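Welcome, and thanks for taking a look at this one with us. The briefing below is a friendly first tour, arranged by topic.

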Amino acid sequence: MIYNREIETMPRKELEALQLARLKKLVRYCYENVKFYHDRFDAEKIDPDKFSVLSDIRYIPPTTKEDLRDHYPFGFFAVPQKDIVRIHASSGTTGKPTVVGYTRDDLNMWSEIVSRFISAAGVTDEDVAQICFGYGLFTGALGLHYGLERIGATIVPSSSGNSEKQIMLMKDFGTTTLIATPTYAMFLGELADELGYKPSDFKLRIGLFGSEGCTDEMRAKIEQRLGLFATDNYGMSELIGPGVSGECEHRCGLHIAEDHFLAEIVDPQTLEPCAEGETGELIVTTLTKQGMPLLRYRTRDLTRINNTPCICGRTTARMDKVKGRSDDMLKLRGVNVFPSQIESVLMLFAPISPHYMLYLRRENYHDSLEVQVELTDGSLLENYQNLQKLTRDIHSKLKTVLGIDAKVALVQPKTIERFTGKAKRVVDLRNQ
Ligand code: DLL
């Protein structure tokens, strides 16, 4: 179902005109209401009233996470605090979190764009939707919550963790839509299997997975385990949370909510625009946000954009599944590799499970990578020859496909940590 037909199928010329009108308003709004932007425009001699085409946006230097950190907590807010009705924050693994403030209109817009991608995935008011994202400062749960409520689905706000109970609820309440990170969905599927359930014991039909990447191979495994059809959705707390883009049933890219977000792809090194269709870093401008508008925010996520209309009828541009974050790229003896590429190779081997960890170490001034991966059947550990052969096969596949020389360690089933939110599979031990 197309939730907002007028916007989602708008001819591109009209859409671009709408974006330009909104951009012009936004630039002045930021200049007048956010000191950081005011100072920056003055310093760079940017006239906020001289924006006449969308590409003029390139005159504005990008905004970074460090800029937000430097103005912690509320320095980027563009409205008085009484107009902020909600605050979220990104987890902030190191140091202070990044804080985001929403006005009532921002929350409305957020529900609208979430309603779009969940409708595009096929969810309706007939569905029972179990939200297994953590409720709290994280945007995942409440973002999906209000979008699902708007379309009238029955929400089960079970949050993350307490996994056996999740499975009981999933069965007893007849959950049809599972909302989780792909990692947690995989874990729930595995646990259901261990508890003796088959996919047919559940009424699951759609998975709305997001907040982290997942290869197609991994997704196929999760779908099979749980008996559902999964779509990917993307977002980021600084920009709003989930809802920036999401796949439709055809799964050929994530439709961007372009009336609210202006997306650019740039070379992450030079920050020069990439050619159309080329992969680079996604930079996003929030066209309509009032509480905390951002001009050219550097997401660090790598993807590419396709502007051609989709077979679903939507005209909104589609971004590829995120390939990785520019800061996640592993550099091993001159070879650049993303964790997702390693995952794709591992998925080719049936005797290993989709649970793995990547350990980076520095030995004698050389970086080395250990790929630790679980066996599906622990009895293989007793057969030295078979174990050696599998280890060698994985090693050589990683070498031929990706050009990396990784140490492969096969470990007992169920020994690698399970995550209830985003997985943290890369452990960097190089500076220890
Ligand atoms: O993860 C927002 C969200 C919640 C999106 C629930 C979708 C569903 P943050 O915690 O700020 O926000 O993390 C944002 O997560 O820059 C990406 O690197 C990554 N990310 C989010 N969605 C995807 C996805 C939420 N579908 C960061 N595929 C982003 C790959 C994703 N990476």
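This is a predicted model: local features need pLDDT of at least 70, side-chain atom pairs count only at pLDDT 80 or more; totals for chains, interfaces and linings use all residues.

## A first tour

- Strand S18 (residues 352-363) and S21 run parallel and are joined by 3 bridges.
- Leu358 has Val426 as its bridge partner in S21.
- Asn364 sits in the loop between S18 and S19. This residue has a positive phi of about 45° although it is not a glycine.
- Is Asn364 buried or exposed? Asn364 counts as exposed, because its relative accessibility is 70%, above the 50% cut-off for that class.

**Around the ligand**

- There are 20 residues around the ligand, and Ser211, Asp232, Asn233, Ser237 and Asp301 come nearest.
- In the side chain of Asp232, an N or O atom is 2.7 Å from a nitrogen atom of the ligand.
- For Asn233, a polar backbone atom is 2.7 Å from a nitrogen atom of the ligand.
- Glu212 also takes part through its backbone, where an N or O atom lies 3.3 Å from a nitrogen atom of the ligand.

- Glu8 lies in helix H1 (residues 5-8). With a relative accessible area of 4%, Glu8 is buried.
- Which residues does Glu8 touch, not counting those up to four places away in sequence? They are Ile2, Tyr3, Arg116, Gly313, Arg314, Thr315 and Thr316.
- Thr176 is in the loop between helix H7 (163-172) and strand S5 (177-180), and counts as buried at 11% relative accessibility.
- The side chains of Thr176 and Asp127 make a polar contact (2.6 Å).
- Leaving aside neighbours within four places in sequence, the residues in contact with Thr176 include Asp127, Val128, Lys203 and Ile206.

**Cysteines**

- How many disulfides are there, counting pairs of cysteine sulfur atoms within 2.5 Å? The count comes to 0 disulfides.
- Cys132 counts as buried, because its relative accessibility is 1%, under the 20% cut-off.
- Cys274 is buried too, with a relative accessible area of 17%.

**Backbone details to look for**

- The peptide bond from Tyr72 to Pro73 is cis, and its omega is near -5°. Pro73 lies in the loop between helix H4 (65-70) and strand S1 (86-89).
- Ser159 is a residue other than glycine with a positive phi, near 60°. You can find Ser159 in the loop between strand S4 (154-156) and H7.

Conventions
Residues are numbered from 1 along each chain as its sequence is written. Side-chain values use heavy atoms; hydrogens and water are left out. A disulfide is a pair of cysteine sulfur atoms within 2.5 Å. Buried means under 20% relative accessible area, exposed over 50%, partly exposed in between (1.4 Å probe, protein chains only). Helices (H or I, at least four residues) and strands (E, at least two) are DSSP runs, numbered from the N terminus. Contact means heavy atoms within 4.5 Å. Two strands pair if DSSP finds at least two bridges between them. A residue is near a molecule or strand if one of its heavy atoms lies within 4 Å of it. A polar contact is a pair of N or O atoms within 3.5 Å; within protein, one must be able to donate a hydrogen and the other to accept it, and residues adjacent in sequence count only if both atoms are side-chain atoms.
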